[in-house]
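I opened this notebook to record what I looked up, entry by entry.

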Amino acid sequence: MKAMPLSERLAARTERQGDCLIVTTSILSNGYGSIRADAPSRKSLKAHRVAYELHYGEIPKGMVIDHICRNRACVEPTHLRAVTHKQNAENQSRMNRNSKSGIRGVFLNEKSNRWGAQVKHDGVNHWLGYFDTSEEADRAATELRLKLQTHNDADRVAN
């Protein structure tokens, strides 16, 4: 019996969920979908990388595949783009793991009871100062991210 081509195996293991095309089997602990390569290697491949290459061709050297939708299990080709590591890091909507404010780039200085704001870009922390409200600090951080970060889709959608 002839093995099913990788493209057909991937298509058979996905389902449409809204705009996303989600891998329905083999979701890794980090949220990425996985699929086995063709024989003889049969190694585990990240499904979004396979989907990108099937649709667009080889991933350019030094590039990673970014999920525009920020859903790691998604393999919808229109949600995938080749970007640098820096650009991929910019397309994150999450805040620091130890954030108590729940707002990206914003923290409460308990001593002064004021809200601090900062943006990290290219390995440099850009300090924006203290603000009276979390909304003001959030607005300042968002404005700077929009200026500095070319792939900061989360802030662009919100504005």
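**Entry 1: The whole chain**

I began with burial: 37% of the 159 residues of the protein count as buried, where buried means under 20% relative accessible area, exposed means over 50%, and partly exposed lies in between (1.4 Å probe, protein chains only). I note that this is a predicted model, in which local features need pLDDT of at least 70, side-chain atom pairs count only at pLDDT 80 or more, and totals for chains, interfaces and linings use all residues. Residues are numbered from 1 along each chain as its sequence is written, and side-chain values use heavy atoms, with hydrogens and water left out.

I then looked up the elements and found 5 helices and 9 strands; helices (H or I, at least four residues) and strands (E, at least two) are DSSP runs, numbered from the N terminus. Their order from the N terminus is α-β-β-β-β-α-β-β-α-β-β-β-α-α.

**Entry 2: A sheet**

I looked up an open sheet of 3 strands, which has the order β7-β8-β9 and antiparallel pairing; two strands pair if DSSP finds at least two bridges between them. β7 (106-109) and β9 (124-131) are at the edges with a single partner strand each, so one side of each has no neighbour in the sheet. From one strand to the next, the twist averages 25°; axes are lines fitted to C-alpha atoms, for helices over the stretch in contact, and angles run from 0 to 180 degrees between N-to-C directions.

I recorded 4 bridges between β7 and the antiparallel strand β8 (residues 114-121). In this pairing, Val-106 is opposite Ala-117 of β8. Helix α4 (residues 134-148) packs on the sheet and touches β7, β8 and β9, a contact being heavy atoms within 4.5 Å. The direction of α4 makes about 15° with that of β8.

**Entry 3: Aromatic rings**

I found 4 aromatic pairs: rings of Phe, Tyr and Trp (its six-membered ring) pair if their centres lie within 6.5 Å, and planes under 30 degrees apart count as stacked, over 60 as edge-to-face and the rest as tilted. One of them is the tilted pair of Phe-107 and Trp-127, at 5.9 Å centre to centre and 35° between the planes. Phe-107 lies in strand β7 and Trp-127 in strand β9, 20 residues apart.

Phe-107, Trp-127 and Tyr-130 form one aromatic cluster.
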